[in-house]
Amino acid sequence: MAATGTTPSLRKSLLLGILIPILLFVAVDTISLYRQALSAVNTAYDRTLLASAKAIGELLDIEGHGSDARLRAQVPYSALEAFEADNRSRMSYRVSNAQGQWVDGEQDLAIWTGKIPSQGPYAALVDFYDDTFRGDAVRVAVLLQPVASGRERTMAMVQVAETLELRHTLARQILLDTLQRQLILITVITGVVLFMVDRATRPVRQLSEELEQRSEDDLTALPAAELPLEIQPLAVATNHVMHKLQHLLDHQKRFVRDAAHQLRTPLAVLKVQVQSALRGDVPARQGLEEIEATVDRATQLANQMLSLAKVEQVRQQQDFAAMDWAEPVRAIALDLSALIAEKNLDFELVTEPCPVHAHEWMLREMARNLIHNAIRLTPEGGRLHIHLQQEDGQAELTISDSGPGISEALRMRLFQPFAAGSAHSGSGLGLTITREMVIALGGTIQLNNRYSGTACTGLDACVRLPVHLS
């Protein structure tokens, strides 16, 4: 059966579950790597700014003496040219005295009003900041440079500004290189994931194809041992379900076969009896009585076969509940009291509460089949005792009759379908139905002859079911 549009694909789920976290990690890693690279670029170019500021500071001196002393700067353009990487970046400078008055350089470069960091990365009185100069974004290094000439001492403030074109270009190049490498990495990871997911899901697809190609009645077990460990539980569970289906299918086939075989005989007999009555071979009343007897036997057979089919249905549904076994036993004994009275049996019924986990219909049918068999086999005026008690954690129902018992040859096939003791003793399904019910309820059934010396005095039918502990 094809998957519907809303059914999630195992392959798609695996791919998304693996690739999405990888893509998120790669994205975060790319951003982090870009920021680290940009920080490294800024650090490298900040060193260049500091070097240029120091170069300018070394060209400063003091002109005059005493009150006439003033800071003098003789900075040629070539002093900055050496620090310009290429024509994409432009450098400007400004030299101010300790009072912030302009001495040399660009007068329109804004005076620094910041503060030297207490723990800077360099062994100098330097600070770095971002600003704008003549409409362009710049990075500025400001250096407080002591200047001495003879006995004169002063402090100069050197500002060097650099435009950011080169930094931005390098940052973009780093970003593109990073993205390119990450794209290659994602492509490789995606290919590996696709290959591994396809390889990992191949056994599932092969298993699906094998099941799809099977015939409708092929319920043989899957080769679970040859599958990967993760799929083996699914194969084992599937084999368990197919085993149940095979058991159900075998039961249905056997039921249909037995039904066809067993119903054919009474229907053939009934047809012969009707034809005989129509021809007048037997008196009308005798013919009707024979037809009635045949219909009764066919009806009993049909009812028992339906009961056998219902046992399997109840077994599959597992519609069990806790109940007292004594109630259905007493109810069935009351239903069959007319037959007991008709044969004038010495009847005894002793029950005690016996909670079991079962289906009420099963308990009633078990009791009906066993008690009815005991009544049928017990001679007129004989003894029939029914005892229900708890013993060693088991609920035990014992039905004791005073009939002829069973032979060893019959004991071997007594629970098989249509294995009646004689041609006139019934359909042979009653004990089969009872045994199937007992097995479905997790119990056991035994039929044992009862002896007095060497003489058989009757039969004990004993059914044991586990006591239900609430």
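Two strands are said to pair if DSSP finds at least two bridges between them, where strands (E, at least two residues) and helices (H or I, at least four residues) are DSSP runs numbered from the N terminus.

The structure is a predicted model, in which local features need pLDDT of at least 70 and side-chain atom pairs count only at pLDDT 80 or more, while totals for chains, interfaces and linings use all residues. Residues are numbered from 1 along each chain as its sequence is written, and side-chain values use heavy atoms, with hydrogens and water left out.

**View 1. The hairpin of strand 5 and strand 6.** Strand 5 (residues 126-133) pairs with strand 6 (residues 136-149) in the antiparallel sense, over eight bridges. Within this pairing, aspartate 131 stands opposite valine 138 in strand 6. Two residues lie between the strands, and arginine 134 in the turn has a positive phi of about 55°.

**View 2. Aspartate 46 in helix 1.** Helix 1 covers residues 10-57 and includes aspartate 46, which is buried (under 20% relative accessible area with a 1.4 Å probe, protein chains only), because its relative accessible area is 7%. Leaving aside residues up to four places away in sequence, aspartate 46 touches Tyr122, Phe128, Arg139 and Arg167, where contact means heavy atoms within 4.5 Å.

**View 3. The side chains of aspartate 46 and arginine 139.** These two side chains are joined by a polar contact of 3.0 Å, that is, a pair of N or O atoms within 3.5 Å of which, within protein, one must be able to donate a hydrogen and the other to accept it, and residues adjacent in sequence count only if both atoms are side-chain atoms.

Technical notes: Buried means under 20% relative accessible area, exposed over 50%, partly exposed in between (1.4 Å probe, protein chains only).
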